[in-house]
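Morning, everyone. Please have a look at the model on the screen before I start.

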Amino acid sequence: MTGLFVTAADFMDRFASRTGPWFASLLIGLTVILLASLTAAPTLTATSQIGIFSIQLAANPFDATPNPVAPRFLTPLLSWLLGLRGQGLIVLIGAICVLLPTAAARWALAQGFRTSDALLAAGVIGLTLLTRTSLHYAGVPDVTTYVLVFGIWVWRARPRLATLCFFLALLNHERALFLLPWVAWLLWREAGDDPHQRRTAMFGLLLAAVAWLALHLAILHYRDVEQSLGYYLQPMTADPLANIRLAWPYQPLGLLSAFQWVWLLPIGYGWNLMRRHDRAGLLMLALPVLCACVQMLFAYDSSRLAALAFPCLLPALDAGLRDGGPAFRRRLLLILLLQTVTPQVFTAMNIVEVLPTWL
């Protein structure tokens with residue numbers, strides 16, 4: 001069996017060297033999305049309110065008519081600019097779903113990992129609700145947020161680029177703001193002992209947050225927006241735990257459903273960090289999970305909310321590919337095979353949905 005894996009890995013490396021890293025990454029991304037679709041069948045008709053309103057926004061982002069998701073305009077605006085207006089948004093979102101595992105594969109190749117490792121990296125990112133939500137619920141542009149958050153990780157040593165990704169993620173969905181503690185800690189840690197780079201990173205994040213807030217308030221003044229910051233904050237003034245009580249006990253299931261078997265990757269890495277007493281590494285791992293859980297005070301669609309914790313997968317994946325050796329790769333391959341055939345669960349409030357499957 002080991003010899004078969006080595007032969008397959010060698011073949012993939014030769015193929016990538018002939019076609020180039022981007023083409024190989026694109027083929028890997030397409031493969032991963034096809035596998036992700038097996039247990040979360042893609043749809044071409046918007047049935048969720050978010051999808052319907054996003055499609056309306058893509059038809060005319062500058063319309064002054066009421067739209068509950070008007071401040072989340074990045075993907076609809078991009079769709080409109082590309083001529084994919086209205087229903088064309090679904091096509092763009094499908095392309096972005098392919099882009100996310102493609103970017104993960106390209107990152108792995110850029111780090112010097114083998115093509116087989118790039119396939120594993122793409123699988124970790126692409127075989128979860130990071131893509132399956134946008135694939136199955138037509139018109140829901142969550143995947144754009146995850147592409148931009150992945151960009152923050154990739155460009156963490158370049159604070160201006162990372163901050164730009166954070167700002168754009170806010171324009172796609174304001175819940176990216178919950179990741180601010182993780183982004184700040186990531187950029188601060190990456191800057192090392194360079195005070196200038198640290199100041200640049202922190203000032204950039206502050207500027208991005210202020211610019212986003214000003215733009216958000218301007219949109220609220222221009223058009224009627226139901227799902228604004230006030231929409232989510234108002235219930236908490238009367239009962240801070242209202243959404244927890246409303247959706248309990250489904251939040252833990254929502255948290256589990258976001259990555260299912262892939263959760264084993266950061267859990268195993270976290271155990272190793274505890275054994276080494278690496279507090280900084282544990283904080284890097286735990287911050288995204290805590291940030292994602294805080295969202296559940298404000299909203300109840302826990303599967304979507306939990307997917308924002310995916311940055312916890314990235315250091316675990318990086319460390320495993322660098323130091324884990326063949327045993328790590330075999331275990332990760334088994335995890336991804338299980339992930340591919342396990343029915344995808346999706347929770348919202350007191351509803352548990354098993355997404356339709358092609359298997």
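This is a predicted model: local features need pLDDT of at least 70, side-chain atom pairs count only at pLDDT 80 or more; totals for chains, interfaces and linings use all residues.

Residues are numbered from 1 along each chain as its sequence is written, and side-chain values use heavy atoms, with hydrogens and water left out.

Two packed helices are described by the angle between their axes and the distance between the axes. Helices here are DSSP runs (H or I, at least four residues), numbered from the N terminus. Axes are lines fitted to C-alpha atoms over the stretch in contact, and angles run from 0 to 180 degrees between N-to-C directions.

Start with helix 5, residues 88–110, and helix 7, residues 129–136. They pack at about 165°, with axes 9 Å apart. That makes helix 5 roughly antiparallel to helix 7, a term for angles over 145 degrees. Their crossing is left-handed: the near helix is turned anticlockwise from the far one by less than a right angle. Who touches whom? Contact means heavy atoms within 4.5 Å. Ile93, Cys97, Leu100 and Pro101 of helix 5 meet Leu130, Thr131, Ser134 and Leu135 of helix 7. Six of these residues are nonpolar, two polar and none charged. Nonpolar covers Ala, Val, Leu, Ile, Met, Phe, Trp, Tyr, Cys and Pro; charged covers Asp, Glu, Lys and Arg; the others, Gly among them, are polar.

Helix 7 also packs on helix 8, residues 142–154. Here the angle is about 155° and the axes lie 8 Å apart. So this pair is roughly antiparallel. Leu129, Leu130, Thr133 and Ser134 of helix 7 contact Asp142, Val143 and Tyr146 of helix 8. That splits into four nonpolar, two polar and one charged.

Now helix 6, residues 115–126, and helix 19, residues 325–341. Their axes come within 10 Å and cross at roughly 40°. Helix 6 and helix 19 are therefore oblique to each other.

Last, the cavity. How many cavities of 30 Å³ or more are there? One. A cavity is a set of points on a 1 Å grid, over the protein atoms alone, where a 1.4 Å probe fits but cannot get out; lining residues have an atom within 4 Å of a point. The largest cavity has a volume of about 70 Å³, counted as the space filled by probe spheres set on points joined across faces, edges and corners. Its lining includes Ile50, Arg72 and Asp142. By class, the lining has three nonpolar, three polar and three charged residues.

Conventions
On a 1 Å grid over the protein atoms alone, a cavity is a set of points where a 1.4 Å probe fits but cannot get out, and a pocket is an open set with protein on both sides within 12 Å along at least five of seven lines; lining residues have an atom within 4 Å of a point. Helices (H or I, at least four residues) and strands (E, at least two) are DSSP runs, numbered from the N terminus. Angles under 35 degrees count as roughly parallel, over 145 as roughly antiparallel, 65 to 115 as roughly perpendicular and the rest as oblique.
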